[in-house]
Amino acid sequence: MNRSKPLWVQSDGTVLLDERHPEYEETRDFLRVIAELHKRPGEWHTYRLTPVTLWNAAASGWQSEQVLKRLADHSRNALPHRLEEEIRTQMRRYGQIRLTPSPLGLTLIAESSELMTQLCNWETVSSAFAYPPAETNVVIHEASRGRIKRELAAKGYPVKDEAGFHAGEALEISLRETSDTGAPIVLRDYQVEAVKALLGDETLDGGSGVIVLPCGAGKTWVGMAAIAKLKCETLILTPNGVSVSQWITELLRNTTLTDGEVGEYTGHKKNVKPITVATYQVLTHRSSKSEEYPHLALFVNRDWGLIIYDEVHLLPAPVFRMTAEIQATRRLGLTATLVREDGCEKDAFALIGPKRYEIPWKAMEDKGWIAQAACTEVRVALDPETAILYAAAPKRSRHRIAGENPRKTEVVRSLLERHHGMQTLIIGQYLDQLREMSNELSLPLITGEMPHRNRKQLFDRFNEGQIDVLLVSKVANFAVDLPNASVAIQISGSYGSRQEEAQRLGRIMRPKQSGGGATFYSVVSEGTDEVEFARNRERFLLEQGYPYLVDRWDSSTNTYTNQKVVP
Amino acid sequence: MNLLLSVQRLPDSIRRLIASDPAVKLRHDQGEPLEAILGSRKWAETWSRHHSESQELRVLRAILMNFASVPFEVEALSKLMERTSAFTGAEIRVAVTKLRRSGIVYAVRKAWGDQLLYLPNDSITLWQPLLLPVTGNSIGEVNEREVSYSAREFRLPLSLELLSVWHEIAINPIAWTTKGTIHRTEVTRLIRKMLLSERELSCLSLAYPQQDRIPPQLALALDLGLHSRVLNKAGNEIRISAKGLSNWLALSLLEADRRLYAHLSDCYGAINPAIHLATVSILTLNVMEWYRDDILNITSGRFEAINDWLELLQSMGWLERGLLHGNSIFRIKQPFSLAVENQPSDKQGTLFVQPDGEILVPPETGLKERWVLSEIAELVTADAVFVYRLTRSSCIEACNAGYSKQSLIDFLEQGTCSPLPESVARMIEDWYAALGKARFSEVLLLRTDNATTAEKLKNDPELAEKLLEQVGDRDFIIEASSYKHVHARLRTIGFPPLEDQRDRMGDQVEIVPDSEVEDADHLGWIYKRNAISMFEADRSLPMAEELFPGLSDIPATWLLKPRTYHLSTRKELLQQAINWKASVQVEQKGSTGLFVPNELRVEGAKWSVIGQWRQKFSDDNIITLNSHAENVEVSADEMEGVMIVLPSLEEIETN
């Protein structure tokens with residue numbers, strides 16, 4: 001055991017990195033290429049090597065022996081042999097099977113005839129062959145390009161797609177030189193690098209792939225820059241309607257596009273224009289389970305030259321299937337994390353493309369590109385009557401009783417005083433509670449029941465600083481861009497998935513005009529299950545490397561104990 | 001049987017004889033126990049040096065090679081050596097007797113009187129490096145990339161694998177069903193804690209109770225637990241022995257694995273001499289240096305068995321195997337030799353507590369810390385680095401196991417040499433806040449028939465001070481230790497108590513004594529193949545007359561010099577030599593030879609003897625014939641002078 005090295009390498013592909021080590025940064029940069037950051041609480045950060053991360057490393061030009069040497073050089077323990085083998089195997093596999101254009105048609109080339117024999121034995125793969133293979137080559141049906149890549153990735157064989165892309169319908173578009181406020185529009189370095197990395201060398205397998213940027217890093221800007229570079233008609237897919245509006249606003253504000261060139265395709269509108277922004281939800285909508293997905297036709301309604309998948313880690317399965325059909329179209333995936341909770345990372349690799357660029361969350365924060373965040377939990381006891389109600393209630397009702405603790409209003413009032421004048425979002429799960437608080441504190445409220453147009457108006461007013469406090473229901477969870485929110489207060493709602501937590505935090509991560517950091521509060525009822533739910537959030541945030549503090553609200557004195565947060 | 005027990009079972013007469021040897025005497029006179037001297041490398045080296053040319057040493061080497069610690073009859077050794085060497089049976093018997101006198105070979109008597117000889121199982125380690133050392137060095141510098149490893153699942157050192165099974169037994173002791181068998185669900189629960197598989201242990205061909213229900217990996221865990229006294233079998237239960245566990249946890253990881261290896265070698269490897277020699281040979285190898293498998297093949301032709309054994313050791317996390325240029329190679333990952341001192345563990349911050357409640361446990365962390373962690377946290381990963389996680393339920397478990405909030409915090413802070421992250425301290429604070437507010441407790445209740453009686457008892461000052469607490473209007477909690485006093489007082493003041501409740505409570509407390517006195521052969525779960533401790537130690541060394549029955553009845557001249565006897569006497573002499581399996585010196589036409597007679601062939605009045613020439617002497621030279629000399633037939637007429645040649649009996653005659 002050599003304490004002078006920064007890593008421990010486990011046999012299951014987990015790699016632990018010591019943050020205190022002098023070689024930390026260098027090692028972290030190396031791990032980012034070959035592994036995925038799983039969590040970074042405290043001094044030891046956990047990374048994971050997976051087939052997809054190793055394919056990504058191979059796709060970016062790394063050789064297995066280089067990886068093994070670097071790992072061994074930095075590891076306190078001897079590398080487990082099984083892992084060494086796994087690294088060699090997975091990295092060797094990238095490039096063993098290629099798709100290239102040829103006069104006969106789209107051709108799959110295997111590195112050896114033995115490998116081709118193996119492919120022939122997989123019926124789901126060989127059914128895509130147009131003719132019997134000739135030694136290591138086989139022509140496949142053009143329409144099977146995506147399906148064969150997906151099948152092979154699922155079997156552990158990534159396909160290097162060098163078949164190129166069709167240009168799509170041309171579209172004259174550029175980024176504006178100045179914004180509507182007169183400020184010059186200049187892409188940040190990493191946004192330029194990301195676009196460059198995406199397009200890469202098209203004679204090889206460049207032109208399609210995933211860009212990993214933290215929430216608040218300006219993924220929309222990368223998308224717009226890619227469209228401006230390629231100058232082609234583009235379909236943009238996002239997780240929800242609010243996000244659609246924000247894409248459209250940004251496109252119109254920052255590019256030379258006009259209203260007539262940008263369409264919204266959602267539950268409310270079905271406009272297909274040269275640039276069309278749609279939701280995953282509408283694409284996967286159908287009247288009955290036996291019916292096909294009618295809106296997937298959007299993929300082929302126009303001659304798209306680029307498809308952008310915003311929050312690609314949320315891409316639903318039917319969209320994956322459709323994506324398999326349009327592999328000749330360039331694809332750009334934007335996300336803050338490659339981890340999919342449905343475990344479909346291999347599908348994303350096969351059908352969207354390898355990871356082309358990544359910059360970690362903390363590194364962006366250090367450089368001031370995104371706001372520094374402080375996370376504080378405020379515990380407030382139930383009043384005696386509610387406490388009795390809570391104790392006597394069945395388990396299923398308890399969560400709501402704790403969530404709606406009337407004393408939370410006192411805490412919110414106090415926090416609003418503390419952050420007076422700062423753009424503040426208050427997020428809750430229960431509409432009754434939100435309405436009551438809205439009345440009591442005279443605050444505007446956005447719920448799912450509110451017409452979309454009204455919601456947008458309120459969001460716009462908030463962004464413009466006309467309103468400094470907004471109460472929102474769960475609708476604000478995803479892809480709502482409220483760049484000036486510097487304080488978020490969650491008053492109820494269960495701990496969501498890791499993605500939801502990342503999104504929630506992302507709401508307030510944009511750099512503030514004031515230059516100050518962002519603050520996230522979670523108000524929970526002491527002595528109830530909420531404390532444990534909050535602990536999950538605490539764990540998640542700590543794993544992401546954020547400090548987490550706990551305050552207690554004393555209702556008898558209307559003061560905090562353990563007060564550590566400096567406004 | 002090991003050396004300690006073997007020496008302890010020797011009669012004083014033999015102990016005195018052994019202690020009288022000059023190489024032993026000085027140390028023994030200085031107070032060193034005989035078993036310590038006989039188990040020491042220094043003494044073994046001295047003995048080997050003094051006996052380098054002796055027949056005893058060669059016989060000892062043959063025993064080591066062919067039997068190792070497997071018990072044998074002298075006849076079996078004799079047959080083997082007569083076939084493969086130039087030794088006569090007489091020489092072998094005498095050499096074995098001298099080896100017994102030296103405290104190297106030991107003997108027991110079966111119930112029907114047959115003698116079994118053996119080398120103590122732990123003395124193989126002593127003699128193998130001296131008499132059958134590994135020939136060949138490590139391969140030297142190896143380009144790791146040229147080694148192709150057999151890709152296997154990660155394996156923990158056996159000490160850590162066992163720790164998790166034993167911990168599971170600590171939580172839920174194994175109890176027999178009413179049919180006297182272990183419940184299948186318990187078996188499943190326990191083997192889930194193990195990576196070792198049934199297939200990997202198949203080469204040991206273990207035999208044990210309930211073999212149809214218990215897979216060998218669990219039998220091994222029970223056997224090693226019972227043998228090392230961490231587990232205790234009492235009545236219908238196998239449970240943790242507090243004292244045994246405490247002793248075990250005080251060991252370093254290296255020492256724990258060394259002991260397990262020694263047990264594996266002595267108990268399971270010892271049934272096959274080739275394996276036993278291979279296991280002790282491994283002790284002499286350098287850590288993390290590659291060796292070819294065939295250097296362990298000391299007794300040739302047992303390669304398959306050695307291959308199986310190396311596989312087994314690999315699955316126990318102790319060595320690695322690979323292929324280099326077509327040759328099977330291996331290297332040990334940790335030292336097993338006794339010579340390696342128990343290295344003190346690095347106490348400085350062996351644990352890392354992360355703010356999210358995960359605890360990282362580096363490989364060098366000791367057994368004690370690991371055991372405590374398994375009591376206070378949930379195991380997430382068992383790999384090179386173990387990962388545990390503090391959870392609400394783990395805190396409940398910890399509290400039930402007797403850890404207070406502060407003791408838990410103290411343990412973690414000592415392990416990390418730093419204060420706990422605030423979030424972790426808060427987690428523990430939160431989770432412990434609700435614990436211990438209510439608890440079940442067994443107390444001794446003094447019941448009265450009504451409130452009036454209760455009042456009378458309260459009014460007796462002597463009794464009142466023993467009544468800890470009143471429950472309701474007619475019952476009291478009293479201290480169990482004051483039972484006798486309260487009982488007597490109640491009688492005195494006229495309320496003689498009924499006894500039944502007390503008796504019933506007493507039944508619930510079963511005191512399980514730790515097994516301290518059992519010998520190693522009787523501990524454990526797996527049947528010992530060569531358990532010879534059940535036999536009586538052979539209490540005497542044979543006298544010359546026992547080695548050579550009829551010795552005092554033959555003319556002394558038969559043993560002194562070759563003479564020409566009458567044919568019938570000559571025949572008688574040769575028959576005696578055959579009976580004793582001794583050689584005879586024969587004079588033939590002016591030359592002399594050493595002949596080993598096997599059989600007399602009589603045809604009418606004529607007779608001849610069949611045997612082998614061992615040596616022939618002429619005036620100028622001595623020709624020593626090899627051990628596989630042809631059988632020849634020598635007629636009675638060809639032998640002019642004959643005498644029986646016996647090995648030197650001087651040393652054994654001092655018995």
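In this predicted model, chain B has a radius of gyration of 34 Å, whereas a compact globule of 655 residues would have one near 26 Å. The C-alpha atoms of chain B fill a box of roughly 120 × 75 × 50 Å along the principal axes. Chain B contains 27 helices and 23 strands. Of its 655 residues, 36% are buried. Among the contacts in chain B with a separation of 6 or more, 65% join residues 24 or more positions apart.

The two chains touch. Here 23 residues of chain A are in contact with 22 residues of chain B. On the chain A side, α4 (81-93), α22 (529-543) and β22 (548-554) each supply at least two residues. Helix α22(A) gives the most, with 6 residues. By type, the chain A side divides into 10 nonpolar, 5 polar and 8 charged residues.

Chain A also holds an open sheet of 7 strands, paired in parallel. Their order is β11-β12-β10-β13-β14-β9-β15. Strands β11 (262-265) and β15 (355-358) of chain A stand at the edges. Each has a single partner strand, so one side of each is left without a neighbour in the sheet. Neighbouring strands are turned by 20° against each other on average, direction ignored.

One bridge pairs A:V210 with A:K355 of β15(A).

Key. Residues numbered from 1 in each chain as written. Chains lettered and ligands numbered in written order. Predicted model: local features only at pLDDT ≥ 70, side-chain atom pairs only at ≥ 80, totals over all residues. Helix = DSSP H or I, 4+ residues; strand = E, 2+ residues; numbered from the N terminus. Rg over C-alpha atoms; globule rule 2.2 N^0.38 Å. Buried ≥ 20, exposed ≤ 12 C-beta atoms within 10 Å, placed from the backbone. Contact = placed C-beta atoms within 7 Å. Nonpolar A, V, L, I, M, F, W, Y, C, P; charged D, E, K, R; others polar. Pairing = 2+ DSSP bridges. Axes fitted to C-alpha atoms, helices over the stretch in contact; angles between N-to-C directions.
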